[in-house]
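This report goes through one protein model, from its surface to its sheet. Please look at the sequence and the 3D view before reading on.

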Amino acid sequence: LEDAEQVLRIVASQVAVAAENARLYEGLQRQMEELRNTEAQLVQAAKLAAIGELAANVAHEINNPMTSILGYTTLLYEETPATSPRKETLKLIQNESLRIREIVRALLDFSRQRDFAKELVDIRQSVKDTLALIQRHALLSNCKIVEKYSEKLPPIEVDVPQCKQVFLNLITNALDAMPQGGTLTVSVAHADGAIRIEFADTGAGIPEANLSRIFEPFFTTKPAVKGTGLGLSVSLGIVQAHGGTIEVQSDAGKGSRLTVVLPLPKKKPA
């Protein structure tokens, strides 16, 4: 009997050690995953900072000569008779110059550091205002927009123009992902102490190989004439500055879902 008790004590001790080792291993795995995530965030932040500084310098260098080119081209266009074969060429130069200026503005927006002018708002109105700007584009693209809003949403403290820029970027990307038409579902809800603004399209989806890169500055799968690859980088920077994040889900051939998660204001101590 004593031998049996001794064996049981030894087995129980070994089981306890095994359980503790398993617990420690699980904790170690969790810490390693957290370290990997932190490292990825630091690399992304360093990359954004370096490219932001470069972008600001490049944008300012391009902006001055481009302003002159655009100004003189516009002047020549206005002075050229409508019957002149040069009229169409000048219009093309003017349009391309305007496109370059928009790229420069995007670079400056990407690199600009400023304090947000936050205000307490119902974010649903900002989403509705942004959708109003894109309705014609959606109609011409044969895309249907479905809006879903939770009824009792708490107000949230945000920089409204900056958030509208984020929404516009995500909506435009969604419409571009549906060149043959489709449905964009925009929903706003409250969950887990945050407001979730979701943009779900029925496009081709994002290839798995690109999912980890879509927020990298200058990364784009769009044709050169349609995108600079800065929209999502700028959007992520704005959302992170608000203490939030952008979640991404995508199914090949079925569409993508990008969700802006913005935390509710912290309650002030009484």
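Which residues form a nonpolar patch on the surface? Val 7, Val 11 and Val 15 do, and together they have about 240 Å² of accessible area.

## Basis of the report

This is a predicted model, in which local features need pLDDT of at least 70 and side-chain atom pairs count only at pLDDT 80 or more, while totals for chains, interfaces and linings use all residues. Residues are numbered from 1 along each chain as its sequence is written, and side-chain values use heavy atoms, with hydrogens and water left out.

## The chain as a whole

The protein chain has six helices and seven strands. Helices (H or I, at least four residues) and strands (E, at least two) are DSSP runs, numbered from the N terminus. The order of elements from the N terminus is α-α-β-α-β-β-α-β-β-α-α-β-β.

Of the 270 residues in the protein chain, 33% are buried. Buried means under 20% relative accessible area, exposed means over 50%, and partly exposed is in between (1.4 Å probe, protein chains only). The protein chain exposes about 17400 Å², and carbon and sulfur atoms supply 55% of that area. Accessible areas come from the Shrake-Rupley method with a 1.4 Å probe; for residues, only the protein chains shown count as cover.

Val 7, one of the residues in the surface patch, lies in helix 1 (residues 2-79). Val 7 counts as partly exposed because its relative accessibility is 49%. A patch is made of residues with over 30% relative accessible area and no salt bridge; like charges are joined within 9 Å, and nonpolar side chains (Val, Leu, Ile, Met, Phe, Trp, Tyr) within 5 Å. A salt bridge is a side-chain nitrogen of Lys or Arg within 4 Å of a carboxyl oxygen of Asp or Glu.

Ser 97 belongs to helix 2 (residues 86-111). With a relative accessible area of 4%, Ser 97 is buried. Residues up to four places away in sequence aside, Ser 97 touches Met 66, Ile 69 and Leu 70. Contact means heavy atoms within 4.5 Å.

An open sheet is formed by five strands in the order 2-4-5-7-6, with mixed pairing. Its edge strands, strand 2 (143-149) and strand 6, each pair on one side only. From one strand to the next, the twist averages 15 degrees. Two strands pair if DSSP finds at least two bridges between them.

Strand 7 (residues 255-263) pairs with strand 6 in the antiparallel sense over seven bridges. Strand 5 (residues 194-201) and strand 7 also pair in the antiparallel sense, over seven bridges. Val 260 in strand 7 is the bridge partner of Ile 197.

Where is Ile 246 found? Ile 246 is in strand 6 (residues 245-251), and it counts as buried because its relative accessibility is 6%. Ile 246 and Val 260 are 14 residues apart in sequence, yet their C-alpha atoms are 4.6 Å apart in space. Beyond neighbours within four places in sequence, the contacts of Ile 246 include Phe 215, Leu 236 and Val 260.

Val 248 has Leu 258 in strand 7 as its bridge partner. The hairpin of strand 6 and strand 7 has three residues between the strands, and Gly 253 there takes a positive phi near 80 degrees.

Notes: Axes fitted to C-alpha atoms, helices over the stretch in contact; angles between N-to-C directions.
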